[in-house]
2 protein chains.
Amino acid sequence: MLDNLEKFCDLKRNIAEINIDPLQRGGILTPQARAALVEWGDGYSVCDFCAGMLDRIKTPPVEEFVHGALPEFLGTDEVRITHGAREGKFAAMHALCEKGDWVVVDGNAHYTTILAAERAGLKVEFVPSSKEPDYAISAEGYIQAIERAYEQKGNVSMAVLTYPDGNYGNLPDARAISDACHDYNVPLLLNGAYSIGRMPVNARELGADIIVGSGHKSMAASGPVGVLGGSEEYAKLMFRLSSTKKNKEVELLGCTVRGAPLLTLMASFPAVVERVRRWPEEVENARWFSAEMEKLGMSLQGDRPHNHDLMFFIAENLYQISLKAKKGRYFLYRDLKERGISGIKPGLTRQFKLSTFGLSREDLEKVLQAFAGIIESYEKT
Amino acid sequence: MLDNLEKFCDLKRNIAEINIDPLQRGGILTPQARAALVEWGDGYSVCDFCAGMLDRIKTPPVEEFVHGALPEFLGTDEVRITHGAREGKFAAMHALCEKGDWVVVDGNAHYTTILAAERAGLKVEFVPSSKEPDYAISAEGYIQAIERAYEQKGNVSMAVLTYPDGNYGNLPDARAISDACHDYNVPLLLNGAYSIGRMPVNARELGADIIVGSGHKSMAASGPVGVLGGSEEYAKLMFRLSSTKKNKEVELLGCTVRGAPLLTLMASFPAVVERVRRWPEEVENARWFSAEMEKLGMSLQGDRPHNHDLMFFIAENLYQISLKAKKGRYFLYRDLKERGISGIKPGLTRQFKLSTFGLSREDLEKVLQAFAGIIESYEKT
């Protein structure tokens with residue numbers, strides 16, 4: 001038994017020339033991160049000179065990164081490294097909420113927010129988004145959701161805002177929402193998995209009490225790795241020390257990312273800071289791209305003008321093609337792949353999301369030409 | 001602000017020729033894992049062809065690894081990937097125990113077992129080890145600890161055995177301990193962070209209901225990554241599906257290691273299976289090495305004969321040297337490093353642990369010569 005195991009070795013990734021998957025655009029490694037991965041690949045390599053606390057390691061300079069650079073970058077008091085945004089959300093909910101409490105969550109939230117609440121034994125009251133094509137989330141919606149939870153005699157111990165959400169790339173008015181939550185003394189957790197590392201995000205300016213980000217989603221890191229930040233009031237609860245084990249933070253089980261992913265996060269950080277400064281160019285590219293897509297007969301959903309590289313399109317024309325094309329609804333995936341483009345889920349035609357993040361105008365033109373070519377090829381027949 | 005960030009890039013690891021740190025010996029990457037790290041480094045690379053469940057991904061063959069190879073390797077019904085042994089212990093406790101319950105834990109347990117229990121809101125009743133030099137853990141001790149918890153009107157919902165522990169490398173009689181726990185209907189979690197991937201471990205044969213292992217500690221993987229296995233009865237609770245999010249396992253927050261560490265675990269797996277078959281050689285090396293260390297005046301603690309590569313030594317002679325040596329108790333760290341050896345914590349002289357795992361006789365002879373040379377050099381003065 002346990003033979004023929006070579007199939008688990010030497011596995012190659014089969015990726016297209018241009019990848020427009022929103023999940024993956026922000027996690028492509030920088031050359032610096034790639035070098036860090038090789039240098040620090042061995043298990044527990046970051047622990048060579050550890051005195052017992054991951055975030056206090058001086059060689060490599062984890063302490064300076066976690067206690068200096070990251071709090072400034074995120075605009076928050078305290079930051080720790082997590083296994084990712086979802087693990088950060090669970091840690092915050094588990095530390096700050098009591099089982100049976102209510103958490104108020106935007107209707108566009110990522111599924112992991114709901115799982116984190118379910119794992120922590122919390123009830124979820126949703127803030128519904130407005131109807132298509134906007135899918136907007138408002139401060140008024142948070143007020144109503146908190147009121148609804150109160151009516152059920154619930155204790156609302158947290159609100160979560162997905163900023164932006166992973167479907168439409170919408171950026172709600174976070175400041176107005178945090179103000180509304182604070183009027184009810186409810187802390188706001190900002191899920192910045194699709195923003196931190198792409199665009200400027202400052203927890204303090206947005207009024208976010210807790211903030212999570214994802215290294216592998218938006219900070220050019222090899223995952224899983226993320227960041228969890230909080231204002232002093234909440235940080236001291238989230239990062240409380242064990243009652244029996246000296247210097248060990250309970251909610252983090254002592255140390256979280258005791259390996260290479262942390263070093264890739266650090267190695268990419270200068271490039272990430274730099275790309276965040278170039279965010280206006282990314283927004284400009286996204287707006288130009290979506291206008292061109294609309295000329296081809298597809299329709300952008302969500303914020304207009306759009307403020308993020310993640311975009312959701314309705315494509316009635318592609319759906320019509322799928323009804324007649326060979327392989328049916330898989331034609332788009334296949335035809336795009338033939339043209340060197342991947343990242344739209346196999347089987348989707350009528351609606352899909354994509355990201356333009358970090359792609360040059362030249363690459364984006366190739367994507368547009370691919371869509372145009374596909375549409376044209378079926379119009380002929 | 002946020003300038004001079006280049007210090008986070010291009011960081012080199014300063015490691016000695018021979019590393020005897022028990023934490024790191026089992027996590028050194030195979031060439032196959034190193035290649036996987038580079039190939040799959042980008043964030044979310046394993047998700048290229050995912051249909052919604054990490055453990056069901058067919059390309060790369062994660063499903064075959066998680067549902068085929070690993071259950072057979074661990075001798076258990078169901079396995080999932082975790083961020084490491086500690087995260088596996090917490091997931092098991094969080095899923096299977098109620099806040100306020102008792103968990104019975106061996107006195108040699110890793111600190112993360114205590115943190116996992118504390119995070120899950122559980123009380124801990126310890127099974128004390130016997131006195132020096134054995135530090136043995138017995139089935140009788142588990143019976144007494146369970147009885148003590150019952151006397152406090154507690155509900156004992158789990159027992160944990162560290163196999164082996166990370167201080168002495170002791171391998172208690174797991175079968176006798178699981179039998180004792182089962183007499184009280186208490187499930188046993190086996191912490192195999194230092195065994196799985198080094199030596200043969202079969203949960204079913206040992207009577208372990210739940211089992212955790214560490215990829216970065218003992219399976220030649222780039223961490224953090226681990227395995228969590230369970231018999232059907234407990235697996236269905238630990239891996240229960242969300243009530244609202246289709247196909248998503250609550251306790252794992254949907255997916256855990258959505259990145260390269262999983263691919264390194266897979267790539268090293270054939271070599272790991274092979275090295276587990278060579279375990280008797282490792283034990284032989286450890287016994288020979290410890291006998292030689294004792295000839296130099298140091299004393300092995302724990303099991304005798306010793307059954308594991310992790311060993312704890314008392315070194316009165318080195319302690320005596322530290323009282324007079326330049327730099328005091330840091331002399332040993334410095335003098336070993338000068339001789340190309342690292343892995344004993346700076347400042348330790350009177351007692352320390354080390355591992356011989358995966359080191360050749362030639363390398364082990366260099367380590368012995370270093371100790372001999374250091375002792376001799378101070379005897380002269």
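Helices α6(B) and α7(B) are roughly parallel to each other, since their axes cross at roughly 25° and angles under 35 degrees count as roughly parallel. The model is predicted. Chain B also meets chain A in a contact that takes 74 residues from each of the two chains.

**Helix packing in chain B**

- Helix α6 of chain B spans residues 139–151, and helix α7 of chain B spans residues 174–183.
- The axes of these two helices come within 8 Å, and the crossing of α6(B) and α7(B) is right-handed.
- On the α6(B) side the contact is made by Ala139(B), Tyr142(B) and Ile143(B); α7(B) contributes Ala176(B), Ile177(B), Asp179(B), Ala180(B) and Cys181(B).
- Seven of the residues in the contact of α6(B) with α7(B) are nonpolar, none is polar and one is charged.

**Helix packing in chain A**

- In chain A, helix α4 (residues 85–96) and helix α5 (residues 111–119) have axes that come within 9 Å and cross at roughly 35°.
- The crossing of α4(A) and α5(A) is right-handed.
- Arg86(A), Lys89(A), Phe90(A) and Met93(A) of α4(A) make this contact with Thr112(A), Thr113(A), Ala116(A), Ala117(A) and Arg119(A) of α5(A).
- By class, the residues of the contact of α4(A) with α5(A) comprise four nonpolar, two polar and three charged.

**Contact between chains A and B**

- Chain A and chain B each give 74 residues to the contact.
- Seen from chain B, the elements that give two or more residues to the side touching chain A are α1 (22–25), α2 (31–39), α3 (62–74), α4 (85–96), α5 (111–119), α9 (215–218) and α11 (260–277).
- The side of chain B that touches chain A has 39 nonpolar, 16 polar and 19 charged residues.
- Within α2(B), the buried residues are Gln32(B), Ala33(B), Arg34(B), Ala36(B) and Leu37(B).
- The cover over the buried residues of α2(B) includes α2 (31–39) of chain A as well as α11 of chain B.

**Chain A overall**

- Chain A holds 15 helices and twelve strands.
- With a radius of gyration of 22 Å, close to the 21 Å that the globule rule gives for 381 residues, chain A is as compact as a globular protein of that length.
- Along the principal axes, the C-alpha atoms of chain A fill a box of roughly 75 × 55 × 50 Å.
- Of the 381 residues of chain A, 55% count as buried.
- Among chain A contacts between residues at least 6 apart in sequence, 67% join residues at least 24 apart.

- Phe312(B) belongs to strand β10 (residues 310–314) of chain B.
- Phe312(B) has 23 other C-beta atoms within 10 Å and is therefore buried, the cut-off being 20 or more.
- Leaving aside residues up to four places away in sequence, Phe312(B) touches Asn167(B), Tyr168(B), Gln301(B), Gly302(B), Gln351(B) and Lys353(B).
- Phe312(B) and Pro133(B) are 179 residues apart along the chain, and their C-alpha atoms are separated by 9.9 Å.

**Helix α14 of chain B**

- Helix α14 (residues 331–338) of chain B has Leu332(B), Tyr333(B), Asp335(B) and Leu336(B) as its buried residues.
- Following α14(B) is Gly340(B), which has a positive phi, near 80°.

Methods:
Residues numbered from 1 in each chain as written. Chains lettered and ligands numbered in written order. Predicted model: local features only at pLDDT ≥ 70, side-chain atom pairs only at ≥ 80, totals over all residues. Contact = placed C-beta atoms within 7 Å. Helix = DSSP H or I, 4+ residues; strand = E, 2+ residues; numbered from the N terminus. Nonpolar A, V, L, I, M, F, W, Y, C, P; charged D, E, K, R; others polar. Axes fitted to C-alpha atoms, helices over the stretch in contact; angles between N-to-C directions. Parallel < 35°, antiparallel > 145°, perpendicular 65-115°, else oblique. Left-handed = near helix turned anticlockwise from the far one by under 90°. Rg over C-alpha atoms; globule rule 2.2 N^0.38 Å. Buried ≥ 20, exposed ≤ 12 C-beta atoms within 10 Å, placed from the backbone.
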